[in-house]
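Please keep the sequence and the structure in view while reading.

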Amino acid sequence: MQENSCSACLPVAQEVQRSMPDEADIAALAEFFRVIGSDTRLKILLALDGRELCAGHLAEAVGMTPSAVSNQLKALKQARLITARREGKMLYYSLADCHPREIIHLAMSHVKEEG
């Protein structure tokens with residue numbers, strides 16, 4: 001037993017070890033948080049909360065150039081956080097499903113919590 005370990009915690013530590021997700025899932029989760037951890041991409045996700053926008057109006061809404069938004073949209077799409085719908089020549093972007101919205105709103109609730 002290590003010097004900074006106690007025998008009382010050993011069963012708990014072993015259970016934690018058995019229930020830990022595999023390394024590939026942990027890496028995928030870390031990548032997910034890296035993608036949404038960008039101020040710019042987070043603004044885009046917030047702008048798409050409950051609405052659909054074309055790239056030009058999305059860029060205007062978040063105060064960025066269309067080319068800068070386009071690069072971020074690509075990363076968000078690769079992470080399966082947003083989807084694009086084509087109507088003629090225009091692409092309209094929206095959140096892929098309820099998960100990004102729920103995660104962001106839960107995190108915002110935590111950030112605004114007092115204490």
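The sections below cover the basis of the model, its fold, its dimensions and its surface.

## Basis

This is a predicted model, in which local features need pLDDT of at least 70 and side-chain atom pairs count only at pLDDT 80 or more, while totals for chains, interfaces and linings use all residues. Residues are numbered from 1 along each chain as its sequence is written, and side-chain values use heavy atoms, with hydrogens and water left out.

## Fold

The protein chain has six helices and three strands; these are DSSP runs numbered from the N terminus, with helices being H or I of at least four residues and strands E of at least two. Read from the N terminus, the order is α-α-α-β-α-α-β-β-α.

Among contacts (heavy atoms within 4.5 Å) with a separation of 6 or more, 51% join residues 24 or more positions apart.

## Dimensions

The protein chain has a radius of gyration of 20 Å, whereas a compact globule of 115 residues would have one near 13 Å. The radius is taken over C-alpha atoms, and the globule rule is 2.2 Å times the number of residues to the power 0.38. Along the principal axes, the C-alpha atoms fill a box of roughly 65 × 35 × 20 Å.

## Surface

Of the 115 residues in the protein chain, 23% are buried, meaning under 20% relative accessible area; exposed is over 50%, and partly exposed lies in between (1.4 Å probe, protein chains only).

Val16, in helix H1 (residues 10-19), is partly exposed at a relative accessible area of 41%. Val16 forms a nonpolar surface patch with Val12, Met20 and Ile26, together about 340 Å² of accessible area.

How values were computed
Patch = residues over 30% accessible without salt bridge, like charges linked within 9 Å, V, L, I, M, F, W, Y side chains within 5 Å. Areas by Shrake-Rupley, 256 points an atom, 1.4 Å probe, with all protein chains shown as cover. Salt bridge = Lys/Arg side-chain N within 4 Å of Asp/Glu carboxyl O.
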